[in-house]
Amino acid sequence: MKLIQRIILTITFIIFPFSLLGESKLFMMYGIKLGQKRNLISEIYGKPFKSHTFEDGYSYDAFKLDEHILVVESENKRPDLVWAIQIQGNKNPKFFGLNEINLGDNAEKVISTFGKPDEIRNAYDEQTKEELKNIQYYSYDTSRNFSFEVQNQKVTSIKLSFKGIASVADTLEITSTFKILQSKNLYQIALLLDQNFILKEKDQKEFKITENPVVVLHTKNEISNRFFNLPNSLANLSPNDILESLDLKNDNQFVFGKYLKFKKGDETIHLFFLKSYEGWTLKEINIESTPNSAESLK
């Protein structure tokens, strides 16, 4: 219990009212989260080849990458935060698209994945306002928060924007959360990670994600090992292994987090989840050594 109290005291929370209505939104593309610090993008991908601030204060940075362009935008009220993410081109790395959709995918896959769009129309040039009759615009911006451009039945552009906070359950849905961890779907797992995720191993070393989380999960390192490659990895845990489950509440009895405890072999595993504007996220993994019976008697 002392560990739980320490975690609560060392985390600063911004609590929002949560709605259970409406379609679910997405908050990550290209390993970038809506609401994260915009300057982190330049630290990962270098100097943008183009930047611009409009008269209304909205601004963007554009990065040329292999067979595609990455654009991050900010609104005028918070120019330091990512407000929208867009990729344009022929191809992007696996798990860098929007959920299962990537540049170059067939338009039918968009509809089979997300359902019927709110609107399908011809696209137009944002600067000249000229209609582009050979490019179709698939909008999910009314019910959700993203859109696609399609040319010759192939996805050529994907845009994700902030359209309000996520619809989220009152408490963590444990079964569906562990299905994500067991699936090894790097997009879904990176989406689940909190922007300030931390891994605390039993040797007291701490590990944070300072680059694209999809890349971190895909390469061999302490974090990916803890998720996939160790005997006690999260992918090998099951809800049936939970020894303790506790809703974390504030003074007004509002549930802002979830604590789960596991014991596997010589390790005790503590998981802390937070309820944030993007939904339930995994904030911390804390690993402790479990003393054997002989040691515990000393």
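This is a predicted model: local features need pLDDT of at least 70, side-chain atom pairs count only at pLDDT 80 or more; totals for chains, interfaces and linings use all residues.

**Aromatic rings**

I started with a cluster: Y30, Y45, F63 and F96 form one aromatic group. My pairing rule takes rings of Phe, Tyr and Trp (its six-membered ring) with centres within 6.5 Å, and calls planes under 30 degrees apart stacked, over 60 edge-to-face and the rest tilted. Residues are numbered from 1 along each chain as its sequence is written, and side-chain values use heavy atoms, with hydrogens and water left out.

By the ring rule I get 18 aromatic pairs. I checked F27 with Y277: the ring centres are 5.9 Å apart and the planes sit at 75 degrees, so I log the pair as edge-to-face. The pair links distant parts of the chain, 250 residues apart: F27 is in the loop between α1 (2-10) and β1 (28-29), Y277 in the loop between β15 (267-276) and β16 (279-289). Helices (H or I, at least four residues) and strands (E, at least two) are DSSP runs, numbered from the N terminus.

Buried or exposed, F27? F27 is buried, at 1% relative accessible area. Y277 is buried too, at 17%. The cut-offs are under 20% for buried, over 50% for exposed and partly exposed in between (1.4 Å probe, protein chains only).

**Sheet**

I traced an open sheet of six strands, order β12-β11-β16-β15-β14-β13, with mixed pairing; strands pair if DSSP finds at least two bridges between them. The edge strands are β12 (206-208) and β13 (242-249), each pairing on one side only. I looked at β11 (193-200) next: it pairs with β12 in the antiparallel sense over three bridges. Within that stretch, I198 stands opposite K208 in β12.

Helix α7 (222-229) lies across β11, β12, β15 and β16, at about 90 degrees to β11. Helix α4 (174-183) lies across β13, β14 (255-264) and β15, at about 60 degrees to β14. Axes are lines fitted to C-alpha atoms, for helices over the stretch in contact, with angles from 0 to 180 degrees between N-to-C directions; contact means heavy atoms within 4.5 Å.

**K263**

I found K263 in strand β14. At 45% relative accessibility, K263 counts as partly exposed. K263 touches L243 and T268, leaving out residues up to four places away in sequence.
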